[in-house]
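Subject: Structure handover and findings

Hello,

Here is the structure I promised to pass on. Please open it alongside this note.

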Amino acid sequence: MKFYEDDVFFGIVAVITLWVTLICTYTPDRPVAVFAAVSAASLLPAIVCRRLSWHSKGCAWLLLVCAAIIGSGVILNCWYFTTASGGTDAAPVLHNFDAELNWEFYTMSNIKDLATDRFPGFCFNRASGYPYLMRALGAVFGPSIAFLLGFNMLCVMLTVILCGSITRKCMQGHSFNTCVTPELCAMIVLASNSYFLVTGTIFIKDAVIQLLFACMIYLLIVMKDSRRNDAKTLAAAFGTILLIALVRHQLLPLLLPGFFLILFRSRQMWAKLLPLCAFTAIVYGAVMALPTHEEYDMAFSILTGPRATHPEKVTTFIVDNSRTDMIFKITGNLDQQMPWMRVLWLPVTMLCQFLIPFPWNFTRDMIYGPSQFYAHISFPGYLAGIVLCYYILFMWRRGPRLANRLLCWGIILYAVVAFHWSGSVSRYCLMFIPLAAPAISFCLLTAWRKRSLYVWASLCSVLLASVLIVCHRLSH
């Protein structure tokens with residue numbers, strides 16, 4: 001069949017037409033650069049996916065839908081950051097604090113203010129690694145918001161493909177009598193999370209760290225299945241750990257449970273497990289020993305509880321006070337309570353972490369970019385959570401062993417984030433979706449004919465609606 005006779009061809013034409021229409025209507029500072037960025041970010045994942053043995057037309061259509069949604073968000077945001085706000089592609093107007101700080105590191109415009117006395121001209125802290133990486137990757141283009149958002153879009157698209165590959169590894173030995181493959185189902189589960197897609201349209205590090213974390217998961221599974229100690233795979237894992245340390249070094253300790261859960265009792269276990277753990281510990285220690293301009297000054301310690309010394313200097317890094325205020329109406333101020341109290345309140349904070357962003361007030365975060373309205377389309381993510389709970393309660397024993405290990409790792413990390421941030425920062429958990437996607441896919445493909453699943457989903461939907469009504473009353 002000729003390419004232009006394939007129905008996917010007409011989908012490509014439709015997506016390109018959508019992008020051109022948006023660019024003509026909301027013209028950014030450099031429209032050609034923006035169109036090139038979204039086109040490249042869509043073409044490269046399509047090429048990668050076509051080379052995979054499990055590629056199907058359904059995967060191609062899913063990537064097209066993702067390209068249409070994320071690419072449209074990139075175009076709108078580039079227009080908003082440049083033409084609409086009086087900026088340019090090389091000097092956009094960014095209203096998000098994190099994005100603005102990233103841009104300052106990316107352009108090195110604040111290096112004199114942020115460098116330490118001991119190391120003038122050098123500053124590495126929790127916010128600088130990602131923009132430094134973007135500066136190195138985009139050195140040819142120079143400062144360009146189109147390149148940055150295009151690269152984040154590419155990371156999101158590749159993470160969707162990696163989620164399918166991870167699920168394929170987990171489902172080996174299982175057959176499904178359905179027209180939807182496990183790989184495609186897992187990709188749909190990840191891509192249906194609107195908040196996840198939005199990270200590809202704004203200048204924050206979440207899109208990159210999601211890709212790196214998915215790469216780490218996949219490499220661990222490959223190492224587990226390998227009959228020998230593959231030096232290339234181990235070297236790739238080391239490189240991924242270094243990149244994670246550069247972009248978000250706080251994630252390094254959270255990799256250790258995954259190393260044990262996935263590699264324990266694998267072939268040549270200690271030859272793989274010990275180097276990974278030792279290398280991660282060394283890298284984390286080296287990063288923590290570096291001079292930093294900004295230190296974490298939390299209002300509480302995860303070991304000893306609230307800090308009473310220098311209360312006037314203590315700040316709490318909570319992104320959204322309105323959400324914490326809502327939670328604290330129920331729990332009291334968790335920042336002033338002992339760690340064991342935070343543990344007791346974990347079910348509440350984990351639930352709130354699952355519910356946000358709430359499915360209302362779509363214009364609330366529009367100042368950070370027009371694409372932010374899409375983050376509030378939360379119902380597909382709620383449905384995935386309902387299905388996951390059904391799997392944990394009723395299908396755990398019959399599920400793939402590797403999928404269960406990944407899910408255990410995901411639950412641990414989800415609880416850690418809820419404990420530390422009081423359930424107020426759900427985007428830190430977006431990288432954990434590939435850990436749960438295999439279990440959700442297995443449940444959907446094996447239990448979709450069972451009446452118990454639909455009864456469970458109906459009851460949970462009624463309960464969820466009641467909880468959302470309570471949250472709406474508490475937050476208004």
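Below is what was found in it, topic by topic.

This is a predicted model, in which local features need pLDDT of at least 70 and side-chain atom pairs count only at pLDDT 80 or more, while totals for chains, interfaces and linings use all residues. Residues are numbered from 1 along each chain as its sequence is written, and side-chain values use heavy atoms, with hydrogens and water left out.

**Core**

Start with the inside. A nonpolar core here is a set of buried Ala, Val, Leu, Ile, Met, Phe, Trp, Tyr and Cys residues joined through side-chain atoms within 4.5 Å. Buried means under 20% relative accessible area, exposed means over 50%, and partly exposed is in between (1.4 Å probe, protein chains only). The largest nonpolar core has 133 residues. Phe-203, Phe-213 and Trp-409 touch the most other members. Helix H7 (residues 145-170) supplies the largest share of this core, 17 residues. Helices are DSSP runs of H or I, at least four residues long, and strands are runs of E, at least two; both are numbered from the N terminus. Another core lies apart from the largest one. That core has 13 residues, including Met-326, Ile-327, Leu-334 and Leu-355.

Which residues does Trp-409 contact, leaving aside its neighbours within four places in sequence? Contact means heavy atoms within 4.5 Å. Among the partners of Trp-409 are Phe-213, Ile-217, Leu-220, Pro-257, Gly-258 and Leu-435.

Ile-433 belongs to helix H19 (residues 433-447). Its relative accessibility is 16%, so Ile-433 counts as buried. With neighbours within four places in sequence set aside, Ile-433 is in contact with Leu-190 and Asn-193. Gln-210 is 223 residues from Ile-433 in sequence, but the two are 9.3 Å apart in space, C-alpha to C-alpha.

**Salt bridges**

A salt bridge is a side-chain nitrogen of Lys or Arg within 4 Å of a carboxyl oxygen of Asp or Glu. The count by this rule is six salt bridges.

Arg-30 and Asp-89 make one of them, at 3.1 Å from N to O. Arg-30 sits in the loop between helix H1 (7-25) and helix H2 (31-50), and Asp-89 in the loop between helix H3 (57-81) and helix H4 (97-107), so the pair ties together parts 59 residues apart in sequence. Arg-30 is partly exposed, at 41% relative accessible area. Asp-89 is buried, at 2%.

Asp-98 pairs with Arg-427, with the closest N and O atoms 3.4 Å apart. This pair links distant parts of the chain, 329 residues apart: Asp-98 is in helix H4, and Arg-427 is in the loop between helix H18 (401-421) and H19. Asp-98 is partly exposed, at 28% relative accessible area. Arg-427 is buried, at 12%.

Arg-248 and Asp-206 meet at 3.8 Å, N to O. Here Arg-248 comes from helix H11 (residues 231-248) and Asp-206 from helix H10 (residues 206-225), 42 residues apart. Arg-248 is buried at 9% relative accessible area, and Asp-206 is buried at 1%.

How are Asp-98, Asp-206, Arg-248 and Arg-427 linked? These four residues are linked in a network of salt bridges.

**Cysteines**

A disulfide is a pair of cysteine sulfur atoms within 2.5 Å. By this rule, the count is zero disulfides. For Cys-170, the nearest cysteine sulfur is that of Cys-163, 9.4 Å away. Cys-170 is buried, at 4% relative accessibility. For Cys-471, the nearest cysteine sulfur is that of Cys-352, 6.1 Å away. Cys-471 is buried as well, at 9%.

**Backbone details**

The peptide bond joining Ile-356 and Pro-357 is cis, with omega about 0°. Pro-357 is in the loop between H16 and H17. Asn-361 is found in the loop between H16 and H17. Its phi is near 55°, a positive value in a residue other than glycine. Asn-361 is partly exposed, at 37% relative accessible area.

Ser-422 also has phi near 55°, positive in a residue other than glycine. Ser-422 lies in the loop between H18 and H19. Is Ser-422 buried or exposed? Ser-422 is buried, at 1% relative accessible area.

Best wishes
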